Amino acid sequence: MKPSITRDAALALLREYNQEPFHIQHALTVEGVMGWYAEDLGYGEDRAFWSMAGLLHDIDFERWPEEHCKKAPELLRAAAVDEALIHAVCSHGWGLCSDVAPEHEMEKVLFASDELTGLIGAAAKMRPSKSVQDMEVSSLKKKFKDKKFAAGCSRDVIRQGAELLGWDLETLMEKTILAMRACEDGVHAEMEKLGYGEQ
């Protein structure tokens, strides 16, 4: 399945409604993670579609946090984004701000990995390397258990996401670390290219 919007148009749309560098970096990270997962899980031909769901998943969050996943369909339909992609975007907020349940494996991956990328990103910043390249699952599990660390990242959603996929928590963590390692340099390079500098 090919997305109905080009990557350049999607990035422009994201930046129209999001100015905070943190939100742009998160979107680029989840885009990269979703692309990695598409390849890893045997959906390589749909990689662009998986990536696009990651890039656009929080399109409405910065400007309309109280309407997260509710405003998104309006913004995306105005840009002629297809309904399958809109469904994926809305499903990542299932149980929190949306009643759209993740159905396709791609939607379950997005639901499971979105919060986890935030936790991994926060943990990476605490490391001497400031990078995920040398992060191990064991150190991430310690951060996961510390409820005060990155308290905004819902542990319940991460656990629920692993269950939806039929994975244990460790498998989800390990795969998502690998995915973030694979896209980390590219995300930093694109942030610089977009004029955001070091985050």
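The crossing of helices α2 and α9 is right-handed, meaning that the near helix is turned clockwise from the far one by less than a right angle. Helices here are DSSP runs of H or I, at least four residues, numbered from the N terminus. The pair, α2 (residues 21-40) and α9 (residues 169-193), packs at an angle of about 125°, with axes 8 Å apart. Axes are lines fitted to C-alpha atoms over the stretch in contact, and angles run from 0 to 180 degrees between N-to-C directions. That makes α2 oblique to α9; under 35 degrees would be roughly parallel, over 145 roughly antiparallel, and 65 to 115 roughly perpendicular.

A quick word on the model, friends: it is predicted, so local features need pLDDT of at least 70 and side-chain atom pairs 80 or more, while totals for chains, interfaces and linings use all residues. Residues are numbered from 1 along each chain as its sequence is written, and side-chain values use heavy atoms, without hydrogens and water.

Back to α2. Just after α2, Gly42 takes a positive phi of about 90°.

And Leu172? Leaving out residues up to four places away in sequence, Leu172 touches Tyr37, Ala112, Leu116, Ile158, Ala162, Leu165 and Trp167.

Definitions and conventions:
Contact = heavy atoms within 4.5 Å. Helix = DSSP H or I, 4+ residues; strand = E, 2+ residues; numbered from the N terminus. Expected span 1.5 Å × (residues − 1).
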